[in-house]
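Dear colleague,

Please find the structure below, followed by an account of what was found in it.

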Amino acid sequence: MDTDEILMQTEEKMDKTLQKVKEDFQGVRTGKASPALVENIKVDCYGSTMRLRETAGITTPEPRLIMIQPWDASNVDPIRKAIEEANIGITPMVDGKIIRLPIPELSEERRKDLIKVVKKMGEDGKIAIRHARRDCLDQLKKEEKASTITQDDLKVSEKSTQDLTDKFVKQIDEMVGSKEKELLTI
């Protein structure tokens with residue numbers, strides 16, 4: 001395998017990690033309603049486990065309200081149960097065939113807890129990126145030992161790998177800062 005291929009695979013891994021961190025951040029609740037808060041909650045219906053977005057329509061008719069309308073009325077109770085078990089700090093209110101989730105105001109203490117959660121998610125993402133870097137460097141060293149690449153290629157590729165790592169770590173840090181700012185905004 002040549003160095004370009006190894007670097008491309010590493011960049012793909014790092015990009016997937018970045019997308020996962022973004023997805024995780026969307027699930028962290030701020031003071032306003034967002035369908036991303038509940039769309040990935042697992043619901044047991046039809047004898048299998050499905051994501052909420054696959055079983056119902058999710059809308060935000062007001063800034064502090066999420067409305068869930070199951071496509072099948074028999075799924076109202078399993079959806080309510082799944083939301084309660086997800087422990088997102090919101091109590092679902094069943095209104096016939098519709099489930100309403102009023103978003104309460106975040107207390108200062110809860111905001112600080114959520115910031116800690118966001119920082120932990122960001123740190124986990126950075127750790128995954130550093131693992132991808134380590135795997136890439138190991139692969140490059142194996143290729144150099146097998147004499148498929150030169151020492152000069154190895155040095156250039158190591159620098160490129162570090163540059164990639166720095167780029168993705170910086171993006172995660174920016175995302176953490178942005179989410180922290182969003183959480184602190186009342």
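Contact here means heavy atoms within 4.5 Å. On that basis, and leaving aside its neighbours within four places in sequence, Leu52 is in contact with Val38, Glu39, Ile41, Val43, Ile58, Ile68 and Ile79.

This is a predicted model, in which local features need pLDDT of at least 70, side-chain atom pairs count only at pLDDT 80 or more, and totals for chains, interfaces and linings use all residues. Residues are numbered from 1 along each chain as its sequence is written, and side-chain values use heavy atoms, with hydrogens and water left out.

Leu52 also belongs to the largest nonpolar core, which has 20 residues; such a core is a set of buried (under 20% relative accessible area, 1.4 Å probe, protein chains only) Ala, Val, Leu, Ile, Met, Phe, Trp, Tyr and Cys residues joined through side-chain atoms within 4.5 Å. Val38, Leu52, Ile66, Ile68, Ile79, Ile83 and Leu101 touch the most other members. Helix H2 (76-86) gives the largest share, 4 residues. Helices (H or I, at least four residues) and strands (E, at least two) are DSSP runs, numbered from the N terminus. Apart from this core lies another, of 18 residues, among them Leu106, Ile115, Val118 and Ile172.

Strand S1 (residues 42-45) has a covered face, Val43 and Cys45, and an uncovered one, Lys42 and Asp44. S1 pairs with strand S2 (residues 48-51) in the antiparallel sense over 4 bridges, where pairing requires at least two DSSP bridges. Lys42 stands opposite Arg51 in S2. The two strands form a hairpin with 2 residues between them, and Tyr46 in the turn has a positive phi of about 55°.

Yours sincerely

Notes: Buried < 20%, exposed > 50% of the residue type's maximum accessible area, 1.4 Å probe, protein only.
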